[in-house]
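Q: I would like to go through this model with you, one local feature after another. Could we begin with the backbone?

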Amino acid sequence: MQEKGLEKQEILRILEKKLEKDFSYSTGSVLGSMCTEPLDLGVEIYMKYISKNLGDPGLFLGTAALEEELVSEIGKLFNEKNIIGTFTTGGSEANLIAMRIAKKLRPDIKSPEVVVPCSAHISFDKAADLLGIKLRKATLNDNFELNLTHFESLINRNTCGVVGIAGTTSLGLIDPIEEIGTLIKDKDIFFHIDAAFGGFILPFLKKLNYTIPAWDFSVNAVDSITADPHKMGLGIIPSGGFFLRDPSILQKIGFEIPYLAGGNFKHFHIVGTRSGGTVIAFWAILKSLGFNGFVKIVKRCMDNTKYLSSQINDITGIKLVTNPVTNVVGITTESGESICKIDEDLRKRNWMLGKFEEFNLIRVVIMPHVQKSHLQNFIEDLTKIIKKLKIT
Ligand SMILES: Cc1ncc(COP(=O)(O)O)c(C=O)c1O
């Protein structure tokens, strides 16, 4: 650290220079992120309430009450009135909380296992590693949908939890949640839905008359849901969400911190200190956009998704992996040739997609920051690359 502090202008100048290599959502070249620019109002509210700490809710009773109100709103959106929930650093922490609950509710199981689709996010591998859980991964069918027969075969007397995904990381697909629920009927197995991406898309897609299978608390067997404000909720980074049907679980296995200035309380979190500002900002975002505002944003994303899909279909040598169900477009080669070279060349031209080598696909997430004009430029470059690489 230098001895004498710098002037603000100098600090700003240095930062501008140091951060110039960062990508920005607004240029449109970030096509593979599930995060986006937060809503302006959210940023303003977040800045105003930046020092609120929900890690000590006894000191911030108003913020804690606002979090409860927000959870209740989201509960209604996910078809259950009386849930509890909490906001996290992201989907990974929310999934970790769910995995811990699954394990803790079954102390009788000495070697706990959780069954997930092999399309599950890496956060489940992390959680399994941290919690000493064995992850059993069910395969996908040729059309990238979950192989339910294989999933069922992995359930055994050590299974403490199963996971379904509503909006997969690779393709935005929805697992057959009702069917998974049927597989565990009358079994003491915790059922978690990872809707980190889909949570703030699917309720609005339904309104737009898309056929969306039941994925939320409307399925009786579902115990908890991850849904992230900082993805399609247009919330501040970082903010994830964990929502739980049975409030009594918190009393049974919540952590208690004894030293807090505001007094004891029970919580599920891995972290202690956590942002109240992100939660207040998300409350404001929901109030500002309302249901119809979200429907409008999701419609624009889906219109762009359809546009990109039709363009991909017209390029010889590549094809859609599957018809998009949400705003994710998966691209692969027609011949089965590796997609890696295409991804490499796209990166050289600053197109940052997501690459999933195990499925030989790259995918574009049509987030709210992605405009049709960005996609037109992308298609132009992609076409040139396919020609140059002689992909047929
Ligand atoms: C389905 C799904 N779950 C969980 C996560 C992890 O979320 P985070 O990066 O906010 O921890 C992601 C991230 O993309 C995701 O796609």
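A: Helices (H or I, at least four residues) and strands (E, at least two) are DSSP runs, numbered from the N terminus. This is a predicted model, in which local features need pLDDT of at least 70 and side-chain atom pairs count only at pLDDT 80 or more, while totals for chains, interfaces and linings use all residues. Residues are numbered from 1 along each chain as its sequence is written.

Q: Which kind of peptide bond joins I237 and P238, cis or trans?
A: The bond between I237 and P238 is cis, with omega at about 5°. In general, most peptide bonds are trans, and most residues other than glycine have a negative phi.

Q: What is the phi of N79?
A: N79 is not a glycine, and its phi is positive, near 70°. N79 sits in the loop between α3 (61-77) and β1 (84-88).

Q: How exposed are N79 and D186?
A: N79 is partly exposed because 15 other C-beta atoms lie within 10 Å. D186 has 5 other C-beta atoms within 10 Å and is therefore exposed. A residue is buried if 20 or more other C-beta atoms lie within 10 Å of its own, exposed if 12 or fewer, and partly exposed in between, with C-beta atoms placed from the backbone.

Q: Back to the loop between β6 and β7: is G235 buried or exposed?
A: G235, which is found in that loop, counts as buried because it has 29 C-beta neighbours inside 10 Å.

Q: What does G235 touch?
A: Not counting residues up to four places away in sequence, G235 touches P38, G42, P229, H230, T278, A281, F282 and I285. Two residues are in contact if their C-beta atoms, placed from the backbone, lie within 7 Å.

Q: Changing topic, how do α4 and α5 pack?
A: Helix α4 (residues 91-104) and helix α5 (residues 123-131) pack at an angle of about 45°, and their axes are 9 Å apart. Axes are lines fitted to C-alpha atoms, for helices over the stretch in contact, and angles run from 0 to 180 degrees between N-to-C directions. The two helices, α4 and α5, are therefore oblique to each other; angles under 35 degrees count as roughly parallel, over 145 as roughly antiparallel, 65 to 115 as roughly perpendicular and the rest as oblique.

Q: Which residues of α4 and α5 make the contact?
A: On α4 they are G91, S92, N95, L96, M99, R100 and K103, and on α5 they are S123, F124, K126, A127, A128, L130 and L131. By class, this contact of α4 with α5 has seven nonpolar, four polar and three charged residues. Ala, Val, Leu, Ile, Met, Phe, Trp, Tyr, Cys and Pro count as nonpolar, Asp, Glu, Lys and Arg as charged, and the others, Gly among them, as polar.

Q: Which residues come nearest to the ligand?
A: Of the 15 residues around the ligand, G90, G91, S92, T169 and A196 come nearest. A residue is near a molecule if its C-beta atom, placed from the backbone, lies within 6 Å of it.

Q: How does the shell around the ligand divide by class?
A: The shell has four nonpolar, nine polar and two charged residues. Its largest share, three residues, comes from α4.
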